[in-house]
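Student: I would like to learn how to read a model like this one. Could we take it feature by feature?

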Amino acid sequence: MTLLRIRNLSVDFATASGQFRAVDAMDVTVDPGEILAIVGESGSGKSVAMLALMGLLPWTATVTADEMSFDGQDLRAITPRTRRRIVGKDIAMIFQEPMSSLNPCFTVGFQIKEGLKKHLGLDRKARHARALELMEMVGIPDPARRLNAFPHQLSGGMSQRVMIAMAIACRPRLLIADEPTTALDVTIQAQILDLLTDLQAETGMALILITHDMGVVAETARRVSVQYAGQKVEDQPVGPLFETPHHPYTAALLAALPERATSRVLPTIPGVVPGQFDRPRGCLFAPRCAHADELCRTTPPPVQPPGMGLARCHYPLTEEGRG
Amino acid sequence: MIRYLLARLLTFLPTFLGVTLISFAFIRVLPGDPIIVMAGERGLTEERYAELVRQFGFDQPLPVQFWNYLTGVLQGDLGTSYVTKRPVWDEFFSLFPATLELSICAMIFAVGIGLPAGVIAAVNRGKLFDRALMSTALVGYSMPIFWWALLMIIVFSGNLGWTPVSGRIDLLYFFDSVTGFMLIDSALSGQNGAFTSAVRHLILPTIVLGTIPLAVIARQTRSAMLEVLSEDYIRTARAKGLSPLRINGMHALRNAMIPVITVIGLSVGTLLAGAILTETIFSWPGIGKWMVDSIYRRDYPVVQGGLLLIASMVMIVNLTVDILYGLINPKIRARK
């Protein structure tokens, strides 16, 4: 059974210069125990979509979806109070900036135990024991002492471990990791990713990994959803995606990986993600696409069948090249 | 922490000297002669005048007068009032409780309403409550205290007859001062109705004196909360599924308290200044009224000593604020 199913999710922000669509008709499905990577450049709406799911967007955002259900429960219809019973317990999230994501005024222990009290109703002793256990699980040395530490006394990597401990405290069935390693040193990045995949294997929770790093995707994910300018442009298991990307954008992303470089100069994707004022009429990737023709520039592309990776493209790529 | 406190106390020295010099100079710049004022309408002979000038030391050059005063102050002698012949210390401490009582009540009023109002406004930003509160706060902030006091007296004492016009308690009640705080003393006296009377006398001065701090605190709380509410750790708190009350009242407010405590500390200074007007209007026998009366009488030692003591109070409050910073935010504590 599907754990999370989102269909046709759109998020609009009211800005001083009018509506801005950050997420456009996005679909996400996650099965229990699955690792899904959502990949895309900055501004492609990956984080916003997940924040919408968590109900964490500011009041300027309008969220619409044909379906948004978690474990059979319709998230669109529930009251904020009911949502607060799911969020933090069954769905948890960790963020990009671990240092600023912890409240500077409270000890680490306090912040971990808070959720245990709220969602599991554990008493003082049980909370302390569970907090110690969690600190050990995420690999923090000397956990008893660290529980009394304040966030400013921890390094970035430690802070992210604490964030992970906090997120998995109530044994969530879905953990959303929003670029969990972006703000960390390269050496720490690998450790945190290993920790996340280990914990995922240990607890059997589903994991959504939001990233713009294809290397991270290759190492951790089982399925990949590629996001561009608020739309999902491709969705494939990780092996086939790296082998035969069907969308030109995915192909361009992969070609930009240093490991795949064939010349001394890395291939890049010219241009930037379209913003509020320069949204193309047809395919959103058309202005940057090497294969685009008149049709691409004027008509929004259809979504291809699963065999073609659900690519949102008029001319999906195949093994032989352009189809 | 102790080293930090000592360092802070050292910085008090120049401030202290400055205040002493300014208060000394300020009263002498004012036109008027204390001896003439003292003599009253009957006047006095040339010889008697010269004698008094010598007696008070006004014949000496100003730097010498200042030096004499300063050495006295450093030995804890603030001098004796020209008018009452009582030491300035004694006068101050017999009147200070009245001001302190009024200031504490005004501060409780201002913080008790301003803080929650600011929080609610920030959480409901842009909505009706927010707009209404912010415009009201602006009006409250811009209101001249004396005019606001008169308005309150006309409405609540004059037209409605709910509250007394002046003083700390009805003349019916008489008891010895134990603590100097009328609320406590009246309750201790056991006299029927004494406490109620003291409360009724406090209401209007408290509101009048607390209005400006209330407005400032509400606005500062709102803006500090708005800033904190957009922080990443607030998103984390929400991602934990915590209740809005816990998120706003604990996670956000504690971080927002730093700037709020700063304005509360600054308000205490304003409060003492505001007390001069409020006490005069409500005939409140505190140090504000005492200072005003002393200026009229050109009572040099009292004005100098009073200013010095008020300034010391403000310095102590500032130090307290600094210590509170560290207690609220461990990061600041660590930096020290």
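Student: How many residue pairs are in polar contact between domain 1 of chain B and domain 2 of chain B?

Tutor: A polar contact is a pair of N or O atoms within 3.5 Å; within protein, one must be able to donate a hydrogen and the other to accept it, and residues adjacent in sequence count only if both atoms are side-chain atoms. Between domain 1 and domain 2 of chain B the count is 0 residue pairs, with both residues at pLDDT 80 or more. A salt bridge is a side-chain nitrogen of Lys or Arg within 4 Å of a carboxyl oxygen of Asp or Glu.

Student: What should I know about the model and its numbering?

Tutor: It is a predicted model: local features need pLDDT of at least 70, side-chain atom pairs count only at pLDDT 80 or more, and totals for chains, interfaces and linings use all residues. Residues are numbered from 1 along each chain as its sequence is written, chains are lettered from A and ligands numbered from 1 in the order in which they are written, and side-chain values use heavy atoms, leaving out hydrogens and water.

Student: How is the size of an interface given?

Tutor: Often as the accessible area lost when the parts come together. Buried area is that loss (1.4 Å probe), summed over both parts. Domain 1 and domain 2 of chain B bury about 460 Å² between them, 69% of it on carbon and sulfur atoms. B:Pro34, B:Val37 and B:Tyr69 supply 76% of the area on the domain 1 side, more than any other three residues.

Student: What is the area buried between chain B and chain A?

Tutor: About 2,300 Å², with carbon and sulfur atoms giving 60%. B:Arg235, B:Ala239 and B:Lys240 supply 25% of what chain B buries there, more than any other three residues. The contact takes 23 residues from chain B and 28 residues from chain A.

Student: How many salt bridges and polar pairs link the chains?

Tutor: The rule finds 2 salt bridges. One of them joins B:Arg246 to A:Glu114, with the closest N and O atoms 2.8 Å apart. On the chain B side, helices H10 (232-239), H11 (244-281) and H14 (330-335) each give two or more residues. That side has 8 nonpolar, 6 polar and 9 charged residues.

Student: How many helices and strands does chain B have?

Tutor: 14 helices and 0 strands. Its C-alpha trace spans about 85 × 55 × 40 Å along its principal axes.

Note on methods: Contact = heavy atoms within 4.5 Å. Buried area = accessible area lost by both parts, 1.4 Å probe. Helix = DSSP H or I, 4+ residues; strand = E, 2+ residues; numbered from the N terminus. Nonpolar A, V, L, I, M, F, W, Y, C, P; charged D, E, K, R; others polar.
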